[in-house]
Amino acid sequence: MTSLPHDRLLESIKARQARVGVIGLGYVGLPLAVAVARSGFPVAGFDIDPAKIVALDDGRSYIEAVTDEALGREIAAGRFRSTTDFSDLALCDVIVICVPTPLTKHRDPDLSFVEGTARSIAATLRPGQLVVLESTTYPGTTDGIVRSILEETGLKSGEDFFVGFSPEREDPGNRAFETASIPKIVAGDGARAAALMQQFYGAVIKTVVPVSSNATAEAVKLTENIFRAVNIALVNELKVVYEAMGIDIWEVIEAAKTKPFGYMPFYPGPGLGGHCIPIDPFYLTWKSREYELPTRFIELAGEINSAMPRHVVSRLAEALDRRQGKALSRSNVLVIGLAYKKNVPDIRESPSLRLIELIEERGGSAAFYDPHVEEIPSTREHLALRGRRSIPFDAESVRRYDAVLIATDHDGIDYKSLADWAPLIVDTRNVFARLGIVADHVVKA
C-alpha cells in the first residue's frame with residue numbers, strides 16, 4: 001500500500017500550493033472560498049447559476065458576508081476565479097461541496113444536489129484529491145453516499161483519494177463572527193483523510209476541532225440545530241400558555257436570563273426560517289426510522305414551531321376584530337420583514353411567506369415591506385408569491401393598511417414613525433417594547 005497520494009497532497013497543503021475547488025457559491029460556499037483564497041490557496045468556485053459567475057467576474061458579491069472589496073482583492077491577486085465548467089474539477093487538489101440539502105414535500109431528505117455533485121466529481125476524480133462535504137445531512141451521508149459514488153470509479157478512499165466532512169457554521173447577519181473565526185469541526189474517512197482535513201482547515205480557520213469520524217461530525221451539526229429547534233419550540237409553547245394567563249413571555253425571559261447559571265435565553269417568534277432549524281432536525285428523524293427509534297422531542301418541536309404562523313394570524317384576526325371592529329377577510333395587512341431573520345436578505349423557509357399565504361387564505365390581502373428584499377424570488381413552496389415587490393416605506397403607503405404585522409425586526413426600520421402611521425400593529429418580535437416605544441395600538445403576538 002503506497003502513501004504517495006496522501007504525502008504529496010499533505011505537502012502541497014502545507015505549502016499552500018494545493019488548488020482548491022468550492023462547489024456551490026451561496027451563503028456557505030462563497031464566504032468559504034474567499035476565506036480559503038485569503039489564506040493563500042488558489043481557489044476556483046463552481047456553480048450551476050451563470051448569473052452568479054457573471055457577478056463574481058465583475059467583482060460583485062451577492063452575499064453580505066463577503067464585501068465587493070474582499071472579493072476584488074482575491075480576484076486581483078489571482079487567488080480566486082469562478083466557473084460553471086465542472087471539468088475544471090480535475091485541476092483541483094481539494095474539493096469542498098457546499099450545495100443545498102432541502103427536504104421533500106414529505107419531509108424526507110433530498111440529497112439530489114449532493115449526489116449529483118458527487119457524480120460530477122467522480123467524472124474527473126484522480127489520485128491525490130481530498131473531497132469534503134460541508135452540506136448539512138444525516139450521519140452516514142459522507143461515507144455512504146459521497147464515498148460510495150466516488151469509489152465507483154475504481155479508486156479507493158483512504159489510498160487513492162480522501163474523503164472528509166466539516167459542517168458549515170455560517171450565521172448570516174452576525175458581524176461578530178466570520179468564516180475564519182468560527183471554530184471548525186473536522187473529520188475524515190480514516191487517519192490519512194483526518195490528517196489532511198486538519199492540515200487544510202487549520203491553514204484557513206483559527207480553531208479546528210477534530211472528531212473521530214465523519215458520522216460524528218455530521219451528528220455534531222444536527223445536534224447544534226436540534227438544540228435550538230427544541231428550545232425555540234419550548235418558548236413558543238410557553239408564549240401561548242402565558243398569553244392565556246395574561247403573562248408577557250418577553251418579560252418572563254428577560255427576568256429569567258438574569259440567573260447566572262442553569263438558564264440560556266431563547267426567544268419566540270412567528271415561525272422558523274433559514275435552512276438550519278426548520279429543516280436539519282428532520283434529517284435525524286428520517287434516519288432514526290432505520291433503527292426503529294422514535295424522535296418524539298424533535299418531532300414535537302417541529303409541530304409546535306410549524307404551528308406558529310397560524311397562531312400569529314389568529315392573533316392578528318382577533319386584534320382586528322377587537323381593536324378595529326373589522327374581519328380579517330375584509331382587511332389589508334402589511335407584513336414588515338420578509339427575510340427569515342433581521343438585517344439579512346435571506347428568505348429561505350421564511351415564516352413571512354407562510355404568513356402572507358395564511359392571511360390571504362382567510363380572505364384578507366397582504367403586502368410586505370423589507371429594506372433588504374425588493375422582490376419575492378421564485379421559491380419551491382411559494383411560487384404564487386413570486387414577483388411581489390416591497391412597498392415604499394412612508395406615511396401615505398402605510399396608512400392604506402388596516403394592520404401592520406411585525407414578522408422580522410430589521411434594525412434599519414423607523415419603528416417610531418411606524419407607530420405614528422399604523423392604526424394597529426401586531427408585534428411578534430417585541431421590538432416596540434424593546435425600543436421603549438409605548439403605544440396602545442401595539443399588540444404582542
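In which sense do β9 and strand β10 (residues 365-369) pair, and over how many bridges? The two strands run parallel and are joined over five bridges, where pairing requires that DSSP finds at least two bridges between two strands. This is a predicted model, in which local features need pLDDT of at least 70, side-chain atom pairs count only at pLDDT 80 or more, and totals for chains, interfaces and linings use all residues. Residues are numbered from 1 along each chain as its sequence is written, and side-chain values use heavy atoms, with hydrogens and water left out.

Strand β9 spans residues 332-336, and four of its five residues are buried, that is, under 20% relative accessible area with a 1.4 Å probe and protein chains only. Strands here are DSSP runs of E with at least two residues, and helices are runs of H or I with at least four, numbered from the N terminus. Within the pairing with β10, V333 has A366 as its bridge partner. β9 also pairs in parallel with strand β11 (residues 403-406) through four bridges, and V335 stands opposite L405 in β11. Together with helix α13 (residues 351-361), β9 and β10 make a right-handed β-α-β unit; right-handed means that, with the strands pointing away from the viewer, the path from the first strand over the helix to the second runs clockwise.

Turning to the second largest pocket, its lining consists of 24 residues, and E64, A65, V66, F177 and E178 lie nearest its centre. Helix α2 (residues 29-38) gives the largest share of this lining, four residues.

Notes: 1 Å grid on protein atoms, 1.4 Å probe; cavity = no way out; pocket = protein on both sides within 12 Å on 5 of 7 lines; lining within 4 Å. Buried < 20%, exposed > 50% of the residue type's maximum accessible area, 1.4 Å probe, protein only.
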